[in-house]
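Thanks for coming. Please have the display open.

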Amino acid sequence: MTRKQKRLAGLGFIAAVLSGAVGLVLVGLRDEIVFFYTPTEIVEESKAAQGQRFRIGGLVKEDSLQKQGTTVSFIITDTNSDLTVNYTGILPDLFKEGQGVVAEGTMNSALVFVADTVLAKHDENYMPKEVTDSLKEQGYWQEDNKGS
Amino acid sequence: MIFWILIGLLTLVTVSVVVIPVFGNAKKLDSPLEYDKEIYKARLKEIEQERTLGTISEREYENSLAEEGKRLLMLASSDSNNDVAYKPTSQKSAVLGALFAAILVPLIALTAYFNLGAINTPDQPLQARLDADPRGQSLLVLLQRAENQLAKNPDDGRGWLIVAPVYMRMGRVQESITAYRNVIRILGPTPELQTSLGEAIAVAANGEIDKEALELFKKAADADPASLKPRFFMAIALNQSEEFEKAVPAWQNLIKNSPTDSPWLDVARQQLKLAQGKIGNNIPDAVSNAPVADSNAPGNPTAEDIEAAGQLSTDDRQSFINSMVERLSAELEENPQNKAGWQRIIRSYTVLGRKDEALAAIEKAMQVFEDDKNFMTELEQNKQALVN
Amino acid sequence: MIVELGHFTLILALALAAVQSILPIVGAKIGNVNLMRSANQTSMMMTVMIAFSFGALTWAYVNSDFSVLNVWQNSHSLQPLLYKYTSVWGNHEGSLLLWVLILAFFASLVTVFGRNLPPVLKANVLGVQAWILFAFLLFILFTSNPFERMPNAPLEGKDLNPILQDIGLAIHPPFLYLGYVGFSVTFSFAMAALISGRIDAAWARWVRPWTLIAWIFLTAGISMGSYWAYYELGWGGWWFWDPVENASFMPWLAGTALLHSALVMEKREALKIWTVLLAIVTFSMSLLGAFLVRSGVLTSVHAFATDPERGLFLLVILIAFIGGSLTLFVMRAGMLKTGGLFAPISREGALVLNNLFLSAALATVLFGTLYPLLLESVTGTKISVGAPFFNLTFGPLMLPLLFAVPFGPLLAWKRGDLYAAMSRLYLAAGAALLAVIITLAFTTDTPILAALVIGLAFWLMVGAFAEIATRTGLRKNGISKAFARARGLPGSIWGTAFAHFGLGVTLMGIVAVSVYEKEVIVSMNPGDSATISGYELTLKSIEPRRIANYTEDVLTFDVVSPSGEKFTMAPTKRFYTARQMPTTESAIYTSGFSQLYISLGEVTDNKTAIVRMWWKTQITLIWAGTIFMIFGGLLSLADRRLRVGAPKPAKTKKPSGRQQANA
């Protein structure tokens with residue numbers, strides 16, 4: 001190989017690796033990202049197809065938590081719509097009725113959200129950003145109650 | 001004063017640290033190439049060492065030497081070696097620089113501190129505050145000291161006795177309950193303590209007198225037949241549980257035995273009237289018959305609901321109950337897993353005489369709780385009772 | 001008064017940073033030695049001032065001075081003393097103070113160890129370092145001031161976030177910061193080179209040890225952080241691809257690439273421009289991390305308290321530094337001389353391959369982390385990019401790189417011999433093959449791919465020492481002679497071997513735990529038993545306990561191991577009274593490299609507990625591997641040739657005289 005050919009081969013290899021990376025990212029974006037919805041978007045606008053994975057965020061409705069051994073069900077609400085969530089496993093320490101929560105999973109045929117992950121946040125004052133946003137949209141969020 | 005001296009001193013030291021070296025003995029700079037050469041020499045030494053260690057082959061050694069030489073040549077021919085950086089230094093620019101620093105440092109430091117700092121605010125380490133002379137100290141400080149004492153010696157019953165009513169007055173009810181419990185645990189129960197604890201528990205529950213509180217009041221009343229306070233709360237409890245037949249004599253006795261200036265008399269008279277009013281129209285009551293179980297489930301009436309229902313006229317009450325049933329039914333549509341809710345609504349429909357709806361509710365509940373044998377039997381029994 | 005003096009010294013440090021941002025660089029430009037040298041004094045003084053300030057805040061924490069807002073918000077008088085100290089940096093303001101302290105500390109290290117740096121280079125480096133310091137001091141003083149006071153001091157603090165009351169927190173953030181901030185030095189070096197348009201020989205020699213120091217700390221910080229999240233959060237996971245984790249991982253990827261490209265630059269004078277760019281990118285990633293964690297733009301399990309105003313300020317810093325440095329790079333890069341050419345099959349070629357794959361991997365992680373933010377700000381759609389995305393994109397990019405790792409050190413500079421390298425890797429290939437066969441033969445449920453990755457791990461572990469075997473002539477000379485020669489080998493060769501070995505160990509742990517992990521969730525009453533991976537656990541009791549600033553329920557398990565060994569494990573459920581916040585303390589039993597992990601869900605009425613148990617196969621290898629990497633890094637750093645700074649020039653004074661003697 002001449003020098004020029006070698007150089008071309010080198011550049012070609014670099015291009016191949018980079019385009020491979022781009023390809024992986026594109027496939028990842030198609031298959032592996034998870035959308036975030038609010039209960040309203042699911043209940044009223046049926047945005048997610050059955051079986052599609054997505055995240056849902058909102059407040060845990062007061063008095064909605066039911067336990068049966070390791071299985072729990074509770075209602076996520078954005079104060080406009082409610083969605084029942086079933087979950088088997090351990091709820092995070094900070095999970096509380098009336099507090100923000102994000103769950104990931106799929107809808108089943110009975111229109112119940114079956115979660116495999118439930119997240120609450122480290123800080124008890126902290127509300128997941130998605131939840132704050134959707135509550136703001138509903139007009140239920142008061143800006144800044146810091147220091148209270 | 002010391003504070004300002006220190007601030008001044010710090011500023012002065014900082015400024016001089018910046019300024020003094022600027023007037024140091026200015027030397028001519030070596031060209032960067034000289035530094036490159038030093039590194040070149042160090043590298044050659046390393047290559048020699050590697051050869052003696054045998055970690056590189058003879059050929060690699062030769063190559064490396066040639067390479068290093070080439071690199072030094074390249075650096076030497078580099079364009080930037082003779083640029084401005086190596087002119088002799090000028091004293092004038094140093095003076096300007098020093099002046100700049102001498103003005104800038106105090107300017108920034110003092111303006112920023114006057115704007116941001118809490119000027120000359122003393123430190124307030126906790127221990128020092130607590131050790132300070134108790135006279136002129138706020139209640140909070142005294143309380144904190146007592147708490148610290150108790151943290152060290154949690155079996156100090158008298159200590160708990162001191163803080164318990166203070167907590168109560170401050171609205172820290174839960175802590176007050178804990179304190180009273182500790183007093184009773186350590187010093188043993190007295191009617192007064194039991195009454196106070198019961199009262200605290202009731203306050204914590206927004207006035208609702210639960211089993212534990214009631215038990216405490218009963219004990220206190222039994223121990224001291226003359227005491228009125230526990231009897232007052234027991235009467236309240238009777239009103240709350242809508243046992244008005246028992247409540248009326250309880251209130252009457254209380255009012256009779258109370259000195260005329262007792263603070264509770266007004267409330268007692270009012271409650272008596274309420275209870276007397278109830279006895280007249282004692283209809284079967286969907287609300288009060290319901291078990292209090294599973295108050296967490298949605299749609300179950302809260303304490304306020306019950307209280308509200310208690311205060312309404314008969315007609316209003318009827319419609320209130322209807323609306324509550326409606327609400328419960330809507331909730332159950334959404335969350336059919338609420339067992340207590342189903343029990344409640346079936347019982348309510350039955351009591352209200354809405355038989356068809358009761359049957360329908362039973363059917364629905366049966367679908368939801370197919371797997372729950374006990375509940376299915378219960379539902380089946382309810383159904384039989386209705387059909388017959 | 002101590003607190004106020006601490007505040008004042010912090011402000012003095014800002015003033016010093018302002019001076020140091022200007023004087024040395026002007027001095028370098030006009031060739032004034034004294035102005036250039038002033039940076040030495042100012043940076044030392046700055047370190048002293050910030051250290052005093054940090055000490056003052058620590059004093060306030062230890063003595064529970066609740067007149068300081070920050071102390072009141074983040075500590076409690078009943079906290080154990082250790083956590084009073086760690087509370088100092090367990091919050092946004094205090095951790096920033098630590099951040100600037102480390103920045104200043106590194107600047108003074110440059111002054112101390114950089115006596116032999118060309119003065120112009122040194123002045124520019126310290127000047128740039130002062131820019132960074134100035135920006136962050138401004139940020140801390142005006143948006144996140146830890147010395148803010150309260151007029152009526154309360155008598156009790158709000159307590160440190162309970163999750164942070166843990167020994168893991170005590171050490172992992174400072175290490176992370178030492179890593180992040182360590183890269184500021186290489187950044188300053190890159191900027192200095194761009195400002196003066198010259199890459200000195202000293203430059204190349206300096207960048208690598210500095211990168212190495214930062215890399216060692218960052219590796220340690222990430223590893224500890226991962227272990228901390230593993231046992232403290234009680235989720236049993238060790239890596240979540242969470243944006244905040246990515247924020248620390250991206251500088252690590254860039255830093256690892258920089259470590260390798262700096263090697264090429266040092267030995268072969270090639271890849272100069274690329275190395276300068278990488279140095280900029282690496283520190284930019286650190287800044288980006290700081291921005292992501294603290295600005296509140298993203299949702300994360302680790303996010304600190306957040307505030308939009310701070311976010312904006314940080315964004316300005318981010319744009320100024322990244323934008324400014326990249327602009328300068330575009331303008332000046334052309335002035336830097338490029339180095340020699342080399343064949344693709346050579347040590348340089350292998351290192352370029354390393355850089356190529358690491359950069360591509362970095363790009364995918366960066367994209368995955370930022371994409372949700374971009375998408376939301378453009379279209380308003382909210383998505384989350386989680387582990388599945390990163391496993392799909394990051395994994396395939398890492399595997400070929402890991403496969404190539406053992407080849408690298410075996411190839412000679414300039415022109416390598418691939419066949420010779422392969423012949424030295426027979427043993428590694430054999431070990432890998434054996435591992436695959438054994439895995440498939442003796443386990444029933446291992447996917448083929450996982451078995452291949454286990455093989456890859458062995459390939460890495462054994463292959464890592466191929467260079468040492470070759471260099472000592474293990475085959476020819478026999479063990480005793482080889483051992484004598486091995487001791488004489490430079491530390492950097494051992495360092496490479498250990499770091500690459502550690503990579504294999506970590507990979508082994510990752511595959512093993514992902515494939516063989518077992519999990520059981522049960523609801524238990526005292527007296528109940530459960531079995532996992534042959535371990536028989538019986539819940540003996542649930543007992544409440546009261547300790548300092550929290551109460552807890554202690555669950556005692558009697559455990560019988562498969563071999564009949566008996567021991568107890570006691571996970572607890574804590575409740576922190578000041579914050580009214582529950583936390584779970586998991587219990588972990590280590591057997592070999594594997595762990596039995598018990599975490600708790602809700603405990604009801606001292607009667608029923610939801611218990612989650614895992615058998616984590618070989619999980620400790622993940623962190624053990626990083627210990628090898630760190631050890632390798634330290635060996636490399638201890639290598640005399642890489643020791644910070646160039647060898648002493650002849651008595652600093654008259655290099656020209658010596659030069660003649662030499663010639």
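Start with Ser21(C), which sits in helix H1 (residues 2-30) of chain C; helices here are DSSP runs of H or I with at least four residues, strands are E runs of at least two, and both are numbered from the N terminus. Before I go on: this is a predicted model, in which local features need pLDDT of at least 70, side-chain atom pairs count only at pLDDT 80 or more, and totals for chains, interfaces and linings use all residues. Residues are numbered from 1 along each chain as its sequence is written, chains are lettered from A and ligands numbered from 1 in the order in which they are written, and side-chain values use heavy atoms, with hydrogens and water left out.

Is Ser21(C) buried or exposed? Ser21(C) counts as buried because its relative accessibility is 12%; buried means under 20% relative accessible area, exposed over 50%, and partly exposed in between, with a 1.4 Å probe and protein chains only. Apart from neighbours within four places in sequence, Ser21(C) has contacts (heavy atoms within 4.5 Å) with Gly127(C), Ala130(C), Trp131(C) and Phe134(C).

Next, the nonpolar cores. A nonpolar core is a set of buried Ala, Val, Leu, Ile, Met, Phe, Trp, Tyr and Cys residues joined through side-chain atoms within 4.5 Å. The largest has 189 residues, and Trp203(C) and Phe189(C) are among those with the most contacts inside it. Helix H8 (residues 201-232) of chain C gives the most to this core, 19 residues. Beyond four places in sequence, the contacts of Trp203(C) include Leu121(C), Phe189(C), Met265(C) and Val276(C). There is also a second, separate core of 40 residues, including Ile209(B) and Leu238(B).

Now the sheet in chain C. Four strands make an open, antiparallel sheet in the order S2-S11-S10-S9; two strands pair if DSSP finds at least two bridges between them. The edge strands, S2 (518-524) and S9 (587-591) of chain C, each pair on one side only. S9(C) and S10(C), residues 594-604, are antiparallel over 5 bridges. Ala587(C) has Ile598(C) as its bridge partner, and Tyr589(C) stands opposite Leu596(C). The hairpin of S9(C) and S10(C) has 2 residues between the strands, and Gly592(C) there takes a positive phi near 60°. On to S11(C), residues 608-616, which pairs with S10(C) over 8 bridges, again antiparallel. Tyr597(C) has Trp614(C) as its bridge partner there. How many residues of S10(C) are buried? The count is 9 of its 11.

Chain B has 19 helices and 0 strands. Of its 388 residues, 39% are buried. Its accessible surface, by the Shrake-Rupley method with a 1.4 Å probe, where for residues only the protein chains shown count as cover, is about 21600 Å², and 57% of that belongs to carbon and sulfur atoms.

Last, confidence. pLDDT is the predictor's confidence in each residue, from 0 to 100. Chain B averages 76, with 79% of residues scoring at least 70. Residues 282-313 of chain B stay under 50, and the model gives that stretch 55 contacts beyond four places in sequence. Chain A has a mean of 78, and 80% of its residues reach 70 or more.
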